[in-house]
Amino acid sequence: MKPQLAQIRWYRIIPVVFVTYSLAYLDRANFGFAVAGGMAGDLNITPNTSTLLSSLFFLGYFFFQIPGAQYAAHKAAKKLIFISLICWGALAAATGMVNDTTTLIVIRFMLGVVESAVMPAMLILLSQWFTKEERSRANTFLILGNPVTVLWMSVLSGYLIDSMGWRWMFIIQGLPGILWAFIWWKLIDERPMEAKWLSDEEKKELEKRLQEEQVGIKPVKNYAEAFKSRKVILLSLQYLLWSVGVYGFVMWLPSIIKAAPDMSMVTTGWLSSVPYLLAVIGMLSASYFSDKSGNRKLFIWPFLLIAAICLYATVWLGPDKFWLSYGLLVIAGGALYTPYGPFFAAIADVLPKNVIGGAIGLINSLGALGSFAGSYLVGYLNSETGNFNASYTLMSGALVLATMITLIVIPAPEKRKVAAI
């Protein structure tokens, strides 16, 4: 029987990682509230410019994913995230001080650039601290920062805009990132061997387990070979299509709800938060059962399909049945987020360690391209058609394709693991 790995890792690493990613995610989601809460009128932003601004973040995010992931994998994830925290906090706060769209365009793009390496760097950091049997839960606690942030941010942003205006919302929500950078630097260790809070025996056992995981994975010579692999290409395409649905939903949900008759910003904030409460429950449940069973596939594709069905069903209901449509949107939002932990755990399960940084960077960068396309196309279709039917259909179609690719590329669990449930 193998010795138990140190449980203190969960208390020392996960809370810090969770807070860090939560702060990073703020400026992806609060822009939609600013647009719905008066920013467009104050800066004379046209619907087309608003669509471009909503999506520009992801364009900057796309271009700098792979270099950041390679740096994190081969040098220092800790240092990279420290610098990013300071930069994105400053840029987020600066968003509240702009007076013209040109400056806003530059800031939105640069926010994407400085945040681009955070997600792959975090995943690489966690892969150096948690084993295959733990990784889905560890990844989920990281990505949980996404829906949890939107949950409380939706409520807080509604109140801040209502009482202080959109400018102070950006400033108040940007400054904590700068302060947190120094807490991150103090609390995080890059690898187990550097941690003073682990005994020598605990360090060696963890390193041994992590090395043993790589034994059954076929080595890949270099990044060029990894990027040409069928698995990496399909995983990248799957994540791109999935992200079209996720960020079309995230960026435009406040505007969709605000368009309902007699809807205030405070009520919009509260209603926008509900899908993310369901997402938190779904993510925690899926990651637990995914690790317990060893089955990644079963906790990915059904949820993507459910989200696709719910989004398309809202097209048939029409604008007159707001509360029924809203209920479907709540289910869609929860289902969109539920598979994140199992998905990123599956990547680490099937790829060798020497190329995982670049591969995650590539997959995440294609996801960012999907996020750009989703947020841009949804906004464009909404403004051109005057309703949300075409954009819902687009997101639904992308999610159906993502479901099909998941069934092809994610491997079935080993029989011995299924039998052990």
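Are arginine 296 and aspartate 291 buried or exposed? Both arginine 296 and aspartate 291 are buried, where buried stands for under 20% relative accessible area, exposed for over 50%, and partly exposed for the range in between, computed with a 1.4 Å probe on protein chains only. The model is a predicted one, in which local features need pLDDT of at least 70 and side-chain atom pairs count only at pLDDT 80 or more, while totals for chains, interfaces and linings use all residues. Residues are numbered from 1 along each chain as its sequence is written, and side-chain values use heavy atoms, with hydrogens and water left out.

The structure contains four salt bridges, each defined as a side-chain nitrogen of Lys or Arg within 4 Å of a carboxyl oxygen of Asp or Glu. One of them joins arginine 296 to aspartate 291, with 2.8 Å between the closest N and O atoms. Aspartate 291 also meets the side chain of arginine 137 in a salt bridge, at 2.9 Å from N to O. This pair links distant parts of the chain, since arginine 137 belongs to helix H7 (residues 132-143) and aspartate 291 to helix H13 (residues 265-293), 154 residues apart; helices (H or I, at least four residues) are DSSP runs numbered from the N terminus. Within it, aspartate 291 has a relative accessible area of 10% and is buried, whereas arginine 137, at 28% relative accessibility, counts as partly exposed.

Another salt bridge pairs glutamate 205 with arginine 209, their closest N and O atoms lying 2.9 Å apart. Both residues are in helix H10 (residues 200-213), separated by four residues, or about one turn of the helix. Glutamate 205 is buried because its relative accessible area is 16%, and arginine 209 is buried at 14%.

Terms used. Helix = DSSP H or I, 4+ residues; strand = E, 2+ residues; numbered from the N terminus.
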